[in-house]
Amino acid sequence: MSSPGSSPITDHIGAKAEALPEVCAGTSGESEVTDVAKRYPTRKDLEIALLESRESEAHLRRIIDTIPTLAWCNLPDGSNEFLNKRWHDYTGLSPEEAHGLGWKAAIHPEDLPMLMQKWEALRDADKSGECEVRLRRFDGAFRSFLCRVEPLRYEGPAVRWYGTATDIEDHKREEDLAAGEKLLLEMVTGGHSMQRILEAICQFVESTTRGCYCSVVLVDPSGTRLEHGAAPSLPDSFVTSIVGRPLNADSGPCAMAAYLNEQVIAADLTTETRWAAYEWCPMALAHGVRACWSTPISSSGGAVLGAFAIYYSEPKMPTPLDQSIIDQFTHIASITVERQRSQEALTNALDEIRRSEAKLRQVIDTIPTLAWCNLSDGPNEFLNKKWHEYTGLSHEESHGWGWQVAFHPEDLPSLMGKWRELLISGEPGEIEARLRRHDGVFRWFLIRVEPLRDQTGKVIRWYGTSTDIQELKQTEEKLRDDERELRRITDAIPQAIVVLGPEGEPLYANQTTLDYTGLTAEDVVSPGFRERIFHPEDVQDLREKRKTALERGLPFEAEIRALRNDGEYRWFLIRYNPFRNEQGQLTRWYATGTDIDDRVKAEDRTRNENLALREQIDRNSMFEDIVSSSESLRKVLRQVTKVAPSDSTVLILGETGAGKELIARAIHKRSARAEQAFIAVNCAAIPPSLIASELFGHEKGAFTGATQRRLGRFEAANGGTVFLDEVGDLPPDVQIALLRVLQEREVERVGSNRPIPVDVRVLAATHRDLSALVAEGEFREDLLYRLTVVPIEIPPLRERLADIPLLVEYFIDRFGKRAGKKFTTIDKKSLKLFEGYNWPGNVRELQNVIERAVILCDGETFSVEESWLKREAPPRLARPEPLNGMLVKQEKQIIEAALAQSNGRISGTAGAAAKLGLPSRTLDSKIKRLKINKYKFKVPT
């Protein structure tokens, strides 16, 4: 027996070396001595050959130890003679431990008997062979190896056996996985239950991946919670704690994987912080679980069906092989669950179809009409219960073409002719025929048929209904009788009458209409009837009005010129009234024509007379409510006359109560827009937050309280005039929007960015100094330029003393009529009080004082109390200086004094602006407006 560490190669070379002395001593045969002597003539040659053999042995040993397989050599009795280094490294056994029969310790106990039996069979047969066996690794794990053995012979039985052991663990696992997958798929296609298949998946993965436990949870039909799928090896208490958990990212790894549709790996639950809210980790640890890998189960469409989980009793991360197994069997689970869900859905749908079919059959047999189905070439296939009950024919009697016997013999030829036409055309249609009742009575029926086509358009069935119209036929006959009677009556009425159909088509005109127009009854129903009798200028307007009214089904009227038989057009009032049957259906329109030619001509004469009278009144009334004889206001009115026909923007300046709106209305009434809207807006009376919405409108939801869309004043005045009173009080943002209206002729509603074109003339008015507001930054300069295309300044009442008597008389007359009083004289003292008062409120204040006096005065003499006009009037001069002029002079004197003190300097701490407490820009604007020469105050240096 060889010593430990020896090999067949070293034994063979050693044997040759030991034989050298014997060869040299001549103990062998003569031929051997001669042969050796020839090959190794000297001892030195022999020593060299021995050295080369030992180097070759070392080289071969390196090769055997390096090749990527376990190699060995055994004697015929099975005892080991040689094991390469890879064998010792894999098994962890030393040469001493593995020597002889010690190698058996590395073989799995279950596989050793089979291996020895196989070895003895090969040895007895003296032939090569192979065997699969599990070999223990140095760490105690067993892996499958394929052992191949070859005999070495010397002219007889094998003297040694050489073998290799190749690791086939991964290959076997792949084979096992493929076999398991095939088996599971066969279970799926074989119709096994989902529960059984899922349990088989878990059991197979547990057997393939040792030391693990598997489970499958499913998403319940509501999609909000988990329900049990399979867990064959897990305790019931663990399964119960998972089932029913909400589908979210916090209730556990399976719920999280299904919720996020992504894999969740918990390699060590002792350090895991997720799912604390639902205490999942403490529950799992209490059941001995230390690691959990959860993978979502998704359908082919991407919908999450559940989760597949693998649990370990020790911390563990999935290897690529583990991940491959997970993906493989998660896919099989998805096929299983999706197939089950599809099967359930299909079963439910089939049940629903069956229920629907039964219900539909019940409906068809119950509906209060005769229903039937015929084949594509005409014979009957189905008749509902009502048809059989009505006709008294059995299924056998009416089958095929037997249904023909139920129809009246006189109607059958036309019925069959129409039926054949429908069969050829393939189009739906209607037929009227008499159908025999079970008691022999014939009644009229309306037969409606509809074709059923396949995907190619070919008719495969005909479906139809037969509706009893006996009463309808009788009613129609009665209507025809009534219509004939009605025609006789209408022909006797001395008024034009035309009867029209539901769509407005002429059906009949009475004799009065025919006599007036000279047309015949045939002309009335022919196309172009209206165009022949009505004036061409009126036809289009009538057509549009008729179309709208006919669609609504409501009465309407129109004034239109109709052609008489002598060629003269006369005005008629045409009234259209709808007629409805008892079911509310519109069946006729009745139009009556009344000759109103004399009235229209009289109205035209009256209108012309009123127009001439109005022009005369306008000339005499001094611009409607503008009462004045003073030259200053007449100058303003001349400006109004010139600027009114244009579309230019006008800025009306004047003190409060001076009549700015009256001037604006006068401009509008004398413009081309006089027939359109005039909308006045007091900008100072609307809150700043609402002024934009008021002027430009807003969309629904643009701000709190905007419950619906609202048109602004500019849209409402489209085509007309907008009067912006107190325009100086507009907020800056609205000034920008107004500038856009003036420049671009378009507005944007609040809450919208869509521009809306508008055609509006803008008139503005203010009592404020807009130039000063511009200097103070409160009013846009570019907007001021746009507004002052044509400025008109209204003089205050104190500069129009000559107008006071006229105004007093005008207001006394107006308010006296309203109060039912008549004044014959005006108290002279009161009139002097009026003329001597300064009237800071201008005409409006005068109007209010007179209205109060009219209410309080008794008798026919108008008077006011002196206490009403307590304000001290300025000293009377030949021509009193206006208050505005006094204020301007005083302001100019103050500014000049400040400039003198600052030596003409405006800005800076010692400048005039600082002394007056004004911004330098504002002061500079006032200097320009007041035409102050600031350079005369500068001190020469």
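In the predicted model, helix H24 passes helix H26 in a left-handed crossing. H24 covers residues 688-696 and H26 covers residues 732-744. Their axes come within 10 Å and cross at roughly 15 degrees. Angles under 35 degrees count as roughly parallel, and H24 and H26 are therefore roughly parallel to each other. On the H24 side, the contact is made by Ile-691, Ala-692, Leu-695 and Phe-696. H26 contributes Val-734, Ala-737, Leu-738 and Val-741. The contact of H24 with H26 comprises eight nonpolar residues, with no polar and no charged ones.

From H7, the contact draws on Arg-173, Leu-177, Glu-181, Leu-184, Leu-185, Val-188 and Thr-189. From H12, Leu-321, Ile-325, Gln-328, Phe-329, Ile-332, Ile-335, Thr-336 and Arg-339 take part. By class, nine residues of the contact of H7 with H12 are nonpolar, three are polar and three are charged. Among the charged residues are Arg-173 and Glu-181 of H7 and Arg-339 of H12.

Strand S1 (residues 70-74) is joined to S2 by three bridges, and the two run antiparallel. Within this pairing, Trp-72 has Leu-83 of S2 as its bridge partner.

Another open sheet of five strands has the order S22-S25-S28-S21-S29. Here the pairing is parallel. The edges are taken by strand S22 (678-682) and strand S29 (790-793). Each of these edge strands has a single partner strand, so one side of each is left without a neighbour in the sheet. From one strand to the next, the twist averages 20 degrees. Four bridges join strand S21 (residues 650-653) to S29, and these strands run parallel. The bridge partner of Ile-652 in S29 is Ile-792. Helix H22 (residues 631-643) lies across S21, strand S28 (761-766) and S29. H22 runs at about 155 degrees to S29.

The structure holds 22 aromatic pairs. One of them is formed by Tyr-390 and Phe-445. This pair is edge-to-face, with 5.1 Å centre to centre and 70 degrees between the planes. The pair links distant parts of the chain, 55 residues apart. Tyr-390 lies in helix H13 (residues 385-391), and Phe-445 lies in strand S14 (residues 442-453).

Terms used:
Residues are numbered from 1 along each chain as its sequence is written. This is a predicted model: local features need pLDDT of at least 70, side-chain atom pairs count only at pLDDT 80 or more; totals for chains, interfaces and linings use all residues. Side-chain values use heavy atoms; hydrogens and water are left out. Axes are lines fitted to C-alpha atoms, for helices over the stretch in contact, and angles run from 0 to 180 degrees between N-to-C directions. Angles under 35 degrees count as roughly parallel, over 145 as roughly antiparallel, 65 to 115 as roughly perpendicular and the rest as oblique. A crossing is left-handed if the near helix is turned anticlockwise from the far one by less than a right angle, and right-handed if clockwise. Contact means heavy atoms within 4.5 Å. Two strands pair if DSSP finds at least two bridges between them. Rings of Phe, Tyr and Trp (its six-membered ring) pair if their centres lie within 6.5 Å; planes under 30 degrees apart count as stacked, over 60 as edge-to-face and the rest as tilted.
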